[in-house]
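Visitor: I would like to learn how to read ring pairs and helix packing in a model. Please take one feature at a time.

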Amino acid sequence: MSERTPAAAPSATAPAQLSERDQAVLAFERQWWRHVGAKEEAIRATFGLSAARYYQLLGALVDSPLALAFDPMLVNRLQRMRSVRSEARARRSMPAQD
C-alpha cells in the first residue's frame, strides 16, 4: 500500500506568487484616471466587481508582501495615499481643542 499526498498540497519549495487577478488589479491601478466615474465603470467591465469589492481586494493586496515584492513603487505609493486619507479622516473626526 503506497502513501499518497494530496495533489493540492503546496510544495515547500514552490515560491509564493500573486494570482493573475492580483497582478491585473495592480496593473489596473498603475493607470491614471481623470474621472472617478470612468474608473468605476472600468472596474465593473474589467473585473466584474462592484467598486466597493474591488477596493476591498485592493486594500488587502496593498498589505501583501507578495504585492510589495511584485511592484514596490506602486504598492508604496498606494500605501502612502491610504495613510494620507486615513490621517485626513482622523483630523476631521477629532474635536477642535481650544
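Visitor: Which residues do ring pairs link into a cluster?

Guide: In this predicted model, the cluster joined by ring pairs consists of Phe28, Phe47, Tyr54 and Tyr55. The structure holds four aromatic pairs.

Visitor: How is a pair of aromatic rings described?

Guide: Two values are used, the distance of the centres and the angle of the planes. For Phe28 and Tyr54, the ring centres are 5.6 Å apart and the planes stand at 75 degrees, so this pair is edge-to-face. Phe28 belongs to helix α1 (residues 20–29) and Tyr54 to helix α3, so the pair ties together parts that are 26 residues apart in sequence.

Visitor: Is Phe28 buried or exposed? And is Tyr54 buried or exposed?

Guide: Phe28 has a relative accessible area of 5% and is buried. Tyr54 is buried as well, with a value of 0%.

Visitor: Where does Trp33 lie?

Guide: Trp33 is in the loop between α1 and α2. Its relative accessibility is 29%, so Trp33 counts as partly exposed. Setting aside neighbours within four places in sequence, Trp33 is in contact with Phe28, Ala38, Lys39 and Ala42.

Visitor: How are two packed helices described?

Guide: By the angle between their axes and the distance between the axes. Helix α2 (residues 36–47) packs on α3 at an angle of about 80 degrees, and their axes are 9 Å apart. The two helices, α2 and α3, are therefore roughly perpendicular to each other.

Visitor: Which residues make the contact of α2 and α3?

Guide: From α2 they are Lys39, Glu40, Ile43 and Phe47, and from α3 they are Ala51, Tyr54 and Tyr55. By class, the contact of α2 with α3 has five nonpolar residues, no polar ones and two charged. Two of the names have come up already: Phe47 and Tyr55 belong to the ring cluster.

Visitor: At what angle do the axes of α3 and α5 cross?

Guide: Helix α3 (residues 51–62) and helix α5 (residues 72–93) have axes that cross at roughly 115 degrees and come within 10 Å. It follows that α3 and α5 are roughly perpendicular to each other. The crossing in which α3 passes α5 is left-handed.

Visitor: Which residues of α3 and α5 meet?

Guide: Leu58, Gly59 and Val62 on the α3 side meet Val75, Leu78, Gln79 and Arg82 on the α5 side. Sorted by class, the contact of α3 with α5 holds four nonpolar residues, two polar and one charged.

How values were computed:
Residues numbered from 1 in each chain as written. Predicted model: local features only at pLDDT ≥ 70, side-chain atom pairs only at ≥ 80, totals over all residues. Heavy atoms only, no water. Axes fitted to C-alpha atoms, helices over the stretch in contact; angles between N-to-C directions. Helix = DSSP H or I, 4+ residues; strand = E, 2+ residues; numbered from the N terminus. Parallel < 35°, antiparallel > 145°, perpendicular 65-115°, else oblique. Left-handed = near helix turned anticlockwise from the far one by under 90°. Contact = heavy atoms within 4.5 Å. Nonpolar A, V, L, I, M, F, W, Y, C, P; charged D, E, K, R; others polar. Phe/Tyr/Trp six-rings, centres within 6.5 Å; stacked < 30°, edge-to-face > 60°. Buried < 20%, exposed > 50% of the residue type's maximum accessible area, 1.4 Å probe, protein only.
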